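Please keep the sequence and the 3D view at hand.

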Amino acid sequence: NVEAINAFAARHTDLRLNMAVIPNAACILADKLPKNAPVRDQSADLTALAGSLQGISFLDVSAALSAHTDEQLYYRTDHHWTSLGARYAFEAMAAQLGISQPIQNYDTYTVSTTFEGTLASRSGSHAAYDTVELYVPQTDVEYYVSYGDAAETSATIYDRSALDQKDKYTVFFGGNHPLVTLKTTANTGKVLLLFKDSYANCFVQFLIPYYDQIVMVDPRYYYDNADQLITQRAVTDVLFLYNDSTFIADTALSDTLNAGLRSAE
């Protein structure tokens, strides 16, 4: 993955390139782990990653998250972070993303108090429920969402039907998709290409007011040439946003980034 990212950065030196790998709860909330629990040292992962990237800025949000460990940064029953955790990360990353004055006021909606996620399913423990919240920036910027090449669009990134399903985290975009496009009225002249895993799904709600277009690519399901998107969509900014566990274990990102090289050959 790192080699592919560095090669991608070398091909696109005219773009603003950033990467954030989000530490999981086992790293940020390590004091809550059982003694001698066998967990990967994600702090070491992030340090090594920051030192191996070339031509791309690495955004480490560990300190920003660690400053709020008394708040619900991660779901208790699921492997994802919460919207609140994503907000603190966004605020820590905003300046590096070129967002000088991020919005401070949000309309917050609690849409579920009965979420039981993947950790509950794997452990068989059903002793707790989680709360799912949405953060809607107080802004005049409007947007619509399209999935893949489908002509059908939606006026919201939120899928309320997901709240009737077991995996209520899929309230964000209805889950993962190969390609999602948000077009906005922000009129900033900026177009963001976002390479992501599911941690980005609740993060995007904070990005909407700052880009004319956000193009989301999930390499686990996307098999086309991502380099072509940069030309087709007039991309100005690129952000890689993953959680540490997925980034370490999954190689789909390198396949997607290298597709442009294979096409050129």
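Which residue in E6 is the bridge partner of Val 145? It is Ser 154. Note that the model is predicted.

**The sheet**

That bridge belongs to the pairing of E5, residues 143-147, with E6. The two strands run antiparallel and share two bridges. They sit at one end of an open sheet of eight strands, ordered E2-E1-E10-E8-E9-E7-E5-E6. Pairing within this sheet is mixed. Strand E2 (57-58) and strand E6 (153-154) are the edges, and each pairs on one side only. In general, strands of a sheet pair through backbone hydrogen bonds, either parallel or antiparallel.

**Phe 195 in strand E8**

Strand E8 covers residues 191-196 and holds Phe 195. Is Phe 195 buried or exposed? Its relative accessible area is 0%, so Phe 195 counts as buried. Beyond its neighbours within four places in sequence, Phe 195 touches a set of residues that includes Phe 8, Val 217, Pro 219 and Ala 226. The run Val 238, Leu 239, Phe 240, Leu 241 and Tyr 242 is also among its contacts. Leu 229 lies 34 residues from Phe 195 along the chain, with 12 Å between their C-alpha atoms.

**Helix H5**

Helix H5 spans residues 83-93. Nine of its eleven residues are buried, so the rest of the structure largely encloses this helix. Among the buried ones are Leu 84, Arg 87, Tyr 88, Phe 90 and Met 93. What do the buried residues of H5 pack against? Their partners are strands E1 (16-22), E3 (106-115), E4 (130-137) and E10 (237-243), plus helix H4 (62-66).

**The whole chain**

The protein chain has nine helices and ten strands. Its radius of gyration is 18 Å, close to the 18 Å of the globule rule for 265 residues, so the chain is as compact as a globular protein of that length. Among contacts between residues at least 6 apart in sequence, 72% join residues at least 24 apart. Other chain-level values follow.

| Property of the protein chain | Value |
|---|---|
| Buried residues | 52% of the 265 residues |
| Accessible surface | about 12,300 Å² |
| Carbon and sulfur part of that surface | 47% |
| Charged side chains | 17 positive and 31 negative |
| Separation of the centres of the two charge sets | 3 Å |

Terms used:
Residues are numbered from 1 along each chain as its sequence is written. This is a predicted model: local features need pLDDT of at least 70, side-chain atom pairs count only at pLDDT 80 or more; totals for chains, interfaces and linings use all residues. Side-chain values use heavy atoms; hydrogens and water are left out. Helices (H or I, at least four residues) and strands (E, at least two) are DSSP runs, numbered from the N terminus. The radius of gyration is taken over C-alpha atoms; the globule rule is 2.2 Å times the number of residues to the power 0.38. Buried means under 20% relative accessible area, exposed over 50%, partly exposed in between (1.4 Å probe, protein chains only). Contact means heavy atoms within 4.5 Å. Accessible areas come from the Shrake-Rupley method with a 1.4 Å probe; for residues, only the protein chains shown count as cover. Lys and Arg count as positive and Asp and Glu as negative; His and the chain ends are not counted. The place of a charge is taken as NZ of Lys, CZ of Arg, CG of Asp or CD of Glu. Two strands pair if DSSP finds at least two bridges between them.
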